[in-house]
Amino acid sequence: MSFRLVTLNLNGIRSAADKGFVAWAAGAGADCMGVQELKAQAADVAGRFERIGGAGGLDGHFHFAEKKGYSGVGLYLRKPPSDLRFGFDRGEFDAEGRWVEARYDTATRKLSLISCYFPSGSSGPERQEAKFRFLDKVYRHLQTLRREREFILVGDINIAHQEIDLRNWKGNQKNSGFLPEERAWMTRLLTQGGLVDVFRTLNPHPEQYTWWSQRGQARAKNVGWRLDYHLATPALAATARREQIYTAERFSDHAPVVIDYDFAL
């Protein structure tokens, strides 16, 4: 009994497809794949990216941003869900296309798989304030969800939690993604918030990065950040068995994070 869950920030689904993403995804053996930063609208996806792997493959479900060429998330699912939820705050962040949730509910279990794209604050103070608003709202939402169901949220969180999670931590303490407030938020989520950073339960080693700047040969030198996560309720996190950051091919400035769990939908 195994469930393979993948997350990848595509940095544009059309761009990633040009770099081989679709062919790789079809053969990756995923039962669910969360993708972020589609940078596309429904018309761009129609007829091209609604399904991966042909018959018996994965069907896509997407939450697009209102703004063209911006944000957007998706879930590719092998098994049809009992329900789908698009967005979580009914406001500014739903307009940005940041949350899609598949629910698998039975008489004995309530379980969700979520693809989420946290805002970046790196473009300036206004976006950093938006990021803090998002963190506040999504924390409350995750706590409500945790009281009701088991879940795994995958996505680009845009926060490197600990010093081990980025190469140049000393020089980035005043930069978005490694601010003390952001790191404290993540610590709170993983302690009193009751969620588990699944990758770190399996792999405690340094230099495990999922994003690299496209400047200065950062990827070749492995000068990276770990920004992409599987965040799970404890019972589901305890079923995680194997992890991989897939770097053999390059579809985007992020790498896929693959985790095999010992459960079935």
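Analyst: Ala, Val, Leu, Ile, Met, Phe, Trp, Tyr, Cys and Pro count as nonpolar, Asp, Glu, Lys and Arg as charged, and the others, Gly among them, as polar. By that division, the lining of the largest pocket has six nonpolar, 10 polar and seven charged residues. This is a predicted model, in which local features need pLDDT of at least 70 and side-chain atom pairs count only at pLDDT 80 or more, whereas totals for chains, interfaces and linings use all residues. Residues are numbered from 1 along each chain as its sequence is written, and side-chain values use heavy atoms, with hydrogens and water left out.

User: How large is the largest pocket, in volume, and which residues of its lining are closest to its centre?

Analyst: The largest pocket has a volume of about 510 Å³. Of the 23 residues that line this pocket, Tyr-117, Ser-120, Gly-121, Ser-122 and Asn-158 are the closest to its centre; a residue counts as lining if it has an atom within 4 Å of a point of the pocket on the 1 Å grid.

User: Why is Asp-197 called buried?

Analyst: Buried means under 20% relative accessible area (1.4 Å probe, protein chains only), and Asp-197, at 8%, therefore counts as buried. Asp-197 is found in strand E10, residues 196-197, a strand being a DSSP run of at least two residues, numbered from the N terminus.

User: What makes the pair of Asp-197 and Arg-226 a polar contact?

Analyst: Their side chains are joined at 2.7 Å, and the term requires a pair of N or O atoms within 3.5 Å, one able to donate a hydrogen and the other to accept it. Leaving aside neighbours within four places in sequence, the residues in contact with Asp-197 are Leu-190, Arg-226, Tyr-229, His-230 and Leu-231, where contact means heavy atoms within 4.5 Å.

User: Why are E6 and E10 called edge strands?

Analyst: The open sheet of six strands runs in the order E6-E7-E8-E9-E13-E10, with mixed pairing. Strand E6 (83-86) and E10 are its edge strands, as each pairs on one side only.

User: How do you know that strands E9 and E13 pair?

Analyst: Pairing needs at least two bridges found by DSSP, and E9 (residues 150-156) and E13 (residues 228-232) have five, in the antiparallel sense. His-230 in E13 is the bridge partner of Val-154.

User: Is His-63 buried or exposed?

Analyst: His-63, in strand E4 (residues 58-63), is buried, with a relative accessible area of 10%. The side chain of His-63 reaches the backbone oxygen of Asp-94 at 3.2 Å.

Technical notes:
Helix = DSSP H or I, 4+ residues; strand = E, 2+ residues; numbered from the N terminus. Buried < 20%, exposed > 50% of the residue type's maximum accessible area, 1.4 Å probe, protein only. 1 Å grid on protein atoms, 1.4 Å probe; cavity = no way out; pocket = protein on both sides within 12 Å on 5 of 7 lines; lining within 4 Å. Points joined across faces, edges and corners; volume = space filled by probe spheres on them.
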